[in-house]
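Here are my notes for you, written as numbered points. Keep the model open beside you and check each point as you go.

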Amino acid sequence: MKMRRFASLMLILLLVLPMSGCMSSAELKNRTIIKMVGVDSDGTDFILTMLRFFPNANSGEKSSESETKIAQVKGKSISQAISKVSQYTGNEVFFGNSTFLVIGREAAEQGLEKVLSFFNSNHEVSPELYIVMAQDKAEDVIKVQRGAGTVPTQLKTLIKQGQKNGLLGRPTLRDIMNRLQSDCSEPYLPWIDIVPSKNGEPVIKIGGMAVCKDGKVKTLLSVEEARGVLWATDELPIAMMTVDFGEKNQSRASVEINQSKSRVKVKIENGKPILNLNIESRGNLKEVTFERGSGALMGELEEIENEVAEQIKATVQKTIDKVFYKEKCDIFRYSEFIKKYEPKYWKENGKDWERVIDDTKINIYVKCNIDRPGLESKHHQVDEHV
């Protein structure tokens, strides 16, 4: 019995071992490690600006200094441009450690698929690669990152904080490619700008969201408009809101939204789609200011909830009007909802998507619950009973 098991194990090993060489490999020292890639276009060629990483540690060392350098190449395609790196260094280019792809605005307006095709088909590139668009040139963003230190983290920190604070959605290669491969849904990605800091050094900041039409960047949204998209698409983890309430709106409350859930229901009435968008948000009352100088009363809590709900609804409505109805961009994936829940209607009308947009009615319902009101001051309580 033992001999039979041993023979079976050896047979499996003999079958598996030849398969291990199906992918080429190279030692780390023979590779050019790319941390970030910037892609620009001059209308004819792609211009790649890459942040190369050089670990200086010897084998067995616990820590060491590292350095980064800029490499810039040009080609008719991304592949052709990258092949030129090897001509200069003699090493194979390695994207397994790449964390960011920055696309220049002109390249993004020519089409994301032209830029992303290479990275999507490269097995070394992580599907969680972050993708952002530069307000102008990607080259400038990469150079700012090079000046940020030997191990640049500014862009990564910015995106992580942006997601945590409800300024960004899911700007990864996986998410953008999924949208590009959809029938009518369109991708979006954050756009970033370069501004001077207090000491005059250039830094990057989140400018908002770049929205696509037919896979090409069509228009830019502000941070507030981008938040409307994320509320509508169930991608907003947190938001800080300030609303006025009370007599003549002389009181003000700041509410931290820490939970938000969005659901879409579809039905067909009189041959036209109706989408009911329900948004339920929950948060905490962080601060309340009155001229009288006291905290919120329980009776005022409902008014604050209603004001927050109205502000959310207005933000979402404004964004839907601008992006969905005016620009005809389906970054909300409403086409997928209609196709899924009303397949018969979609089969008959889906090919004329822009007409479907005009026929579609979207109802927005928002509910806000505040878990804990601010404390009342005892002085105000006394005044209430005078």
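1. Start with β7 and β8: nine bridges join them, and the two strands run antiparallel. Strands here are DSSP runs of E with at least two residues, helices are runs of H or I with at least four, and both are numbered from the N terminus. Two strands count as paired if DSSP finds at least two bridges between them. Look for Pro196, whose bridge partner in β8 is Pro202. The hairpin of β7 and β8 has five residues between the strands, and there Gly200 takes a positive phi near 90°.

2. A word on what you're looking at: this is a predicted model, where local features need pLDDT of at least 70 and side-chain atom pairs count only at pLDDT 80 or more, while totals for chains, interfaces and linings use all residues. Residues are numbered from 1 along each chain as its sequence is written, and side-chain values use heavy atoms, with hydrogens and water left out.

3. Now go to the other partner of this story, β6. Two bridges join β6 to β7, and these strands run parallel; Met133 has Trp191 in β7 as its bridge partner. Four bridges join β5 to β6, again running parallel, and Phe100 stands opposite Tyr130 in β6. In general, strands of a sheet pair through backbone hydrogen bonds, either parallel or antiparallel.

4. Is β5 covered on one face or both? Both faces of β5 (residues 100–103) are covered: Phe100 and Val102 are buried on one side, Leu101 and Ile103 on the other. Buried means under 20% relative accessible area, exposed means over 50%, and partly exposed is in between, using a 1.4 Å probe and protein chains only. As a rule, side chains in a regular strand alternate between the two faces of the sheet.

5. Back in β8 (residues 202–213), pick out Ile206. Why does Ile206 count as buried? Because its relative accessibility is 13%. Ile206 is 17 residues from Val223 in sequence, and their C-alpha atoms are 7.8 Å apart in space.

6. Contact means heavy atoms within 4.5 Å.

7. How do α4 and α7 pack? Their angle is about 125° and their axes are 11 Å apart, which makes α4 oblique to α7. Axes are lines fitted to C-alpha atoms, for helices over the stretch in contact, and angles run from 0 to 180 degrees between N-to-C directions. Angles under 35 degrees count as roughly parallel, over 145 as roughly antiparallel, 65 to 115 as roughly perpendicular, and the rest as oblique. On the α4 side, Leu112, Glu113, Leu116, Phe119 and Asn120 meet Leu173, Ile176, Met177 and Leu180 in α7.

8. Next, an open sheet: four strands in the order β10-β11-β12-β13, with mixed pairing. Its edge strands, β10 (239–245) and β13 (361–370), each pair on one side only. The twist averages 35° from one strand to the next. Within the sheet, β11 (residues 251–269) and β12 (residues 272–289) run antiparallel and are joined by 17 bridges; Val264, for example, stands opposite Leu277 in β12.

9. Helix α10 (residues 334–341) packs on that sheet, touching β11, β12 and β13, and its direction makes about 40° with that of β11. In α10, Tyr334, Ser335 and Ile338 are buried. Those residues lie on the same side of α10, because they cover an arc of only 105° around the axis.

10. Helix α8 (residues 223–232) lies across β10, β11 and β12, at about 105° to β10. Eight of the 10 residues of α8 are buried, so the helix is largely enclosed by the rest of the structure; among them are Trp231 and Arg227. Just after α8, Asp234 takes a positive phi of about 65°.

11. Finally, the whole chain: 13 helices and 13 strands, with buried residues making up 46% of the 386 residues.

Note on methods. The arc is that of the directions from the helix axis to the C-beta atoms.
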